[in-house]
Amino acid sequence: MIETIPKNKQLILFDGVCNLCNTSVLFVIKRDTANKFLFAPLQSNIGQSLIREFNIDIIKTDSILLYNPSERRIYHKSTAALKVAKQLDFPTKLLAIFFIIPTFIRNWVYNYIAKNRYKWFGKKTQCMLPTPNLKAKFIA
């Protein structure tokens, strides 16, 4: 299943029931004019396959993962978010400046937001269904 991801794309895995995560996906799609990213919920078959393949503890990392098939590497938390931002259109790519902040500090902030995301932004009862014109950007 992982082999089906094109090598020239990167896969963003997100919490499909999280309103903040779904809004973030739409934010990325709007600014990904180079068409570098595909998306899948963590709860999807491909999401579960990558979680098993990379032995990821979803209790500790449960909101965003970035899989780069050409590197066969997965990024998580603030590093994943900043690697995505760095590849988006200007001015969003300027967020990459936050790489200068040590990872443990970035991840502390990230974890705080992730821990409170349902309380602050709400939660859906099921994963987001992409509209027909966005369907090509999603992998099940």
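Reader: Which residues of H3 are buried?

Author: The general idea is a cut-off on relative accessible area: buried means under 20%, exposed means over 50%, and partly exposed is what falls in between, with a 1.4 Å probe and protein chains only. In H3 the buried residues are Lys77, Ser78, Thr79, Ala80, Leu82, Val84 and Ala85, and as seven of the 10 residues in this helix (residues 77-86) are buried, H3 is mostly covered. Helices (H or I, at least four residues) and strands (E, at least two) are DSSP runs, numbered from the N terminus. Please keep in mind that this is a predicted model, in which local features need pLDDT of at least 70 and side-chain atom pairs count only at pLDDT 80 or more, while totals for chains, interfaces and linings use all residues. Residues are numbered from 1 along each chain as its sequence is written, and side-chain values use heavy atoms, with hydrogens and water left out.

Reader: What do the buried residues of H3 pack against?

Author: Packing is read from contacts, and a contact means heavy atoms within 4.5 Å. The buried residues of H3 pack against the strands S1 (10-14), S2 (37-41), S3 (64-68) and S4 (73-76), and also against the helices H1 (19-31) and H4 (103-121). Helix H2 can be read in this way too: its buried residues are Ile46, Gly47, Ser49, Leu50 and Ile51, and S1, S2 and S3 are among the elements that cover them. After H2 comes Asn55, which has a positive phi, near 50°.

Reader: Which residues does Val28 touch?

Author: Leaving aside residues up to four places away in sequence, Val28 touches Ile12, Phe37, Phe39, Val84 and Leu88. Val28 is found in helix H1, and it counts as buried because its relative accessibility is 9%.

Reader: Is Pro6 buried, partly exposed or exposed, and which residues does it touch?

Author: Pro6, in the segment before S1, counts as partly exposed because its relative accessibility is 31%. With residues up to four places away in sequence not counted, Pro6 touches Leu38 and Pro69. The C-alpha atoms of Pro6 and Asn116, which are 110 residues apart along the chain, are separated by 34 Å.

Reader: How many salt bridges are there, and where are they?

Author: A salt bridge is a side-chain nitrogen of Lys or Arg within 4 Å of a carboxyl oxygen of Asp or Glu, and by this rule the count is three. One joins Asp15 and Arg117, whose closest N and O atoms are 2.7 Å apart. This pair links distant parts of the chain, 102 residues apart, since Asp15 is in the loop between S1 and H1 and Arg117 is in helix H4. Asp15 is buried, at a relative accessible area of 2%, and Arg117 is buried as well, at 3%.

Reader: Which parts are tied together by Lys137 and Asp32?

Author: The side chains of Lys137 and Asp32 meet in a salt bridge (3.7 Å, N to O). Lys137 lies in the segment after H4 and Asp32 in the loop between H1 and S2, so this pair ties together parts that are 105 residues apart in sequence. Lys137 and Asp32 are both buried.
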